[in-house]
Amino acid sequence: MSQDGAGIGELREFALDAIRQAGREALRYYGKGRKDVKFDEDLVTEAELHLTRFFHDTLYARFPEHEVFGDAPPRTDYVHGHKGYLWVYDALDGVANFQAGIPLWGTSLALLENFWPVLGIFHMPVTGECFYAEPDRGAFLNDTSIGIAYSGEINNESLLFTYSRMHEHFRSNFPGKIRNLGCTAAHISYVAMGRAEGAFMRSVSYQNLAAAQIILQAAGGSLRFLDGRPFHLNEYFEAKRVDGPLLAAPEGAHALIRGYVRELSDL
C-alpha cells in the first residue's frame, strides 16, 4: 500500500491504462521502416526514445516518487512508501517485426515493490492481446484467466519456440513444431497460456524478462537454465544481459524438453 492509499487495484488500473496508451503511441511508428534497408535502426531509436519519455511523463504525473529501472544506479536497500516501487519498462520487444510491419511485437511493464514482483504486463497493440498477472491473483489474457494445462506428453502437434540463431548453437530432434516469432515476451506469454510446450532464449535482458516471468509463474510455469538449474531474475538486477540459454516451460516439463536438445559443442 503506497502512502497516498494506492493499492494494487489502483496500480494495476494505472499500469494497464499506461501500457495501452503507449501502444497507441507506438502504432504511430509501426511498419514505417525504410524500404531500402533490412532494419531501420533510426526509426526504432526514435520510437523507443519517444515511448520511454511517454511512459516517464505518464508515471511521474501520477506517482512522482516511483522509480524506473535504468534511470539511476539500482537501489539495494529496503525503503517504505512510494520510493519502494520500481517499474521495469521495455518499450519495444520484437523491434525487427515492429519496424517491418509484422504484428508480433509489444511492450512490457513490471512493477516491483522492494524487489518483490507485484505486477507484470505484456501488451501487443496490433493483435490486441494484453497479458497480465499478479503473483497471488493469477494470470490473464485481456480479462480471461489463463494457465498451463501440462499433459506430460510431447508429440508432433507440440510447439516449441526458439530464438533466431538457435541452429548455430544447438541440434534439436523435437518431434513437434519449432517456431521463432521474434519476440521474447510473446514466446513466454504463449507458453503461459498453454499454446506452446516451451520457449528457448539466449542473450536476453532483465527488461525482456521482468514482466513475462511474472506472467509465466502465475500461470504455472517457470524459467530455468538449460542444464536444469533454477533461474533467479533478481540475480541479474545489475546485469545488461542474462547468461543463457534459458528455457521457459510448465513446471515439471523442463527435463523432458531438454532431452530433445543438444549443444553442438557436445556433439
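Which residue in S13 is the bridge partner of Phe 200? The views below answer this. The model is predicted; local features need pLDDT of at least 70, side-chain atom pairs count only at pLDDT 80 or more, and totals for chains, interfaces and linings use all residues. Residues are numbered from 1 along each chain as its sequence is written, and side-chain values use heavy atoms, without hydrogens and water.

View 1. In S13, Phe 200 has Leu 247 as its bridge partner. Met 201 has Leu 246. S11 covers residues 198-201, and S13 covers residues 246-250. Helices (H or I, at least four residues) and strands (E, at least two) are DSSP runs, numbered from the N terminus. S11 and S13 run antiparallel, joined by 3 bridges. Strand S8 (residues 159-161) runs parallel to S11, with 2 bridges. Leu 160 stands opposite Gly 198.

**View 2. Two faces of S11.** Gly 198 and Phe 200 point one way, Ala 199 and Met 201 the other way. All are buried (under 20% relative accessible area, with exposed over 50% and partly exposed in between; 1.4 Å probe, protein chains only). In a regular strand, side chains alternate between the two faces of the sheet.

View 3. The 5 strands have the order S10-S8-S11-S13-S12, with mixed pairing. Two strands pair if DSSP finds at least two bridges between them. S10 (177-179) and S12 are the edge strands; each pairs on one side only. H4 packs on the sheet and touches S8, S11 and S13. Its direction makes about 155 degrees with that of S11. H5 touches S11, S12 and S13, and its direction makes about 125 degrees with that of S12. Contact means heavy atoms within 4.5 Å. Axes are lines fitted to C-alpha atoms, for helices over the stretch in contact; angles run from 0 to 180 degrees between N-to-C directions.

**View 4. The largest pocket.** Its space is about 950 Å³. A pocket is an open set of points on a 1 Å grid over the protein atoms alone, where a 1.4 Å probe fits, with protein on both sides within 12 Å along at least five of seven lines; lining residues have an atom within 4 Å of a point. The lining has 38 residues; Leu 92, Asp 93, Ser 205, Asn 208 and Arg 241 lie nearest the centre. Among the elements that give two or more residues are S11, H4 (184-192) and H5 (206-219).

Definitions and conventions:
Grid points are joined across faces, edges and corners, and a volume is the space filled by probe spheres set on the points.
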